[in-house]
Amino acid sequence: MTAVLLLTLSAALHAWWNFLVKRSGTADVLFVWLYCVLAAPVALAVLLVTGPGPAWWAALVSMLLHTGYAITLQRAYSGADLGVVYPVSRGAAPVLVLAVSAPFVGVPSAPELVGIVLVVAGLTLMSGPVRPGAGGLAAVVAGLGVAAFITAYTLWDAFAITSLDVAPLPYLAVSSLAQAVLLTVVVLPHRARVPAVTRTHWRAALAVTVLVPAAYGLVLVAMELAPPAVIAAGRALNVVFAALVGIWLLHEPRTPRTLGGTAVIVAGALALAL
């Protein structure tokens, strides 16, 4: 029950920062860099108190996966609705987690197979013509790209937490600080645009700076209480919050395909947790 409560709070925070990323209206990696750099001083302060820990290298692997996720997500939202990309990425992730972990944990159970069928059905439903400009099949493909990174970091972070016994706070801090350094190197050729991007997006970036580690920190704690498949499926709660944000704040249409596909994906993800 504690893990579910943590994941519910995380879902609300996660949906909110995704809304801010979508509302930024840009595919520019500079926005990702901005909210990562703003988090760097806090990460450094944490590390000065806690130290990086013996498994700091695991956090560097996590950083690479989370950086790929952030950039892929930013670009996906620049060309498609949050109401399509978000449920596709969050719904497909538990299926991919199950597929990758199956050789180690055995053949999927009946509820898991039902969950897979439901998620695939939901993805198929949402891949149709949702509305002009929503992205359609291209949006689903973009969402699946995001899901691939979610799968990778979910499995790696679960391994780090459960097998390497890393502490969530320094683990998150090392990853965050390293991400800021890496992205700073990446954006150096575009440094002339930094002042303009900062003036335009600093408020949204500051909010994302706070919400991203808060949301995922709760997930890392939940990982100490539940297995990876349950974590990935529990995060399907994010889809509910994202659907509400998309409808109420972004004014995305409540089409039968969008609502039906979202509902089917959520049902499938929850079935995977049984």
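I looked up Arg-193 and found it partly exposed, with a relative accessible area of 38% (buried means under 20%, exposed over 50%, partly exposed in between, using a 1.4 Å probe and protein chains only). Caveat for all that follows: this is a predicted model, where local features need pLDDT of at least 70 and side-chain atom pairs count only at pLDDT 80 or more, while totals for chains, interfaces and linings use all residues. Residues are numbered from 1 along each chain as its sequence is written, and side-chain values use heavy atoms, with hydrogens and water left out.

**Salt bridge**

Which side chain does Arg-193 meet in a salt bridge? The partner is Asp-28, at 2.0 Å from N to O; the criterion is a side-chain nitrogen of Lys or Arg within 4 Å of a carboxyl oxygen of Asp or Glu. Arg-193 sits in the loop between H7 and H8 and Asp-28 in the loop between H1 and H2, so the pair ties together parts that are 165 residues apart in sequence. (Helices are DSSP runs of H or I with at least four residues, strands are E runs of at least two, and both are numbered from the N terminus.) Asp-28 counts as buried, at 15% relative accessibility. I searched the whole structure and got 1 salt bridge.

**Largest pocket**

Next I checked the largest pocket, which has a volume of about 540 Å³. My notes on method: on a 1 Å grid over the protein atoms alone, a pocket is an open set with protein on both sides within 12 Å along at least five of seven lines, a cavity is a set of points where a 1.4 Å probe fits but cannot get out, and lining residues have an atom within 4 Å of a point. Grid points are joined across faces, edges and corners, and the volume is the space filled by probe spheres set on the points. The pocket has 29 lining residues, and the closest to its centre are Leu-172, Ser-176, Gln-179, Val-212 and Pro-213. Helices H1, H2, H3, H6, H7 and H8 each give two or more residues to this lining. By class I get 20 nonpolar, 7 polar and 2 charged (Ala, Val, Leu, Ile, Met, Phe, Trp, Tyr, Cys and Pro are nonpolar; Asp, Glu, Lys and Arg are charged; the others, Gly among them, are polar).

**Nonpolar patch**

The patch consists of Trp-16, Val-240, Leu-244, Trp-248 and Leu-249, with about 500 Å² of accessible area together. Leu-249 is in the loop between H10 and H11 and is partly exposed, at 39%. Patch residues need over 30% relative accessible area and no salt bridge; nonpolar side chains (Val, Leu, Ile, Met, Phe, Trp, Tyr) are joined within 5 Å, like charges within 9 Å. Areas are Shrake-Rupley with a 1.4 Å probe, and for residues only the protein chains shown count as cover.

**Backbone**

Last, I noted Asp-165, whose phi is near 55°, a positive value in a residue other than glycine. Asp-165 is in the loop between H6 and H7 and is exposed, at 65%.
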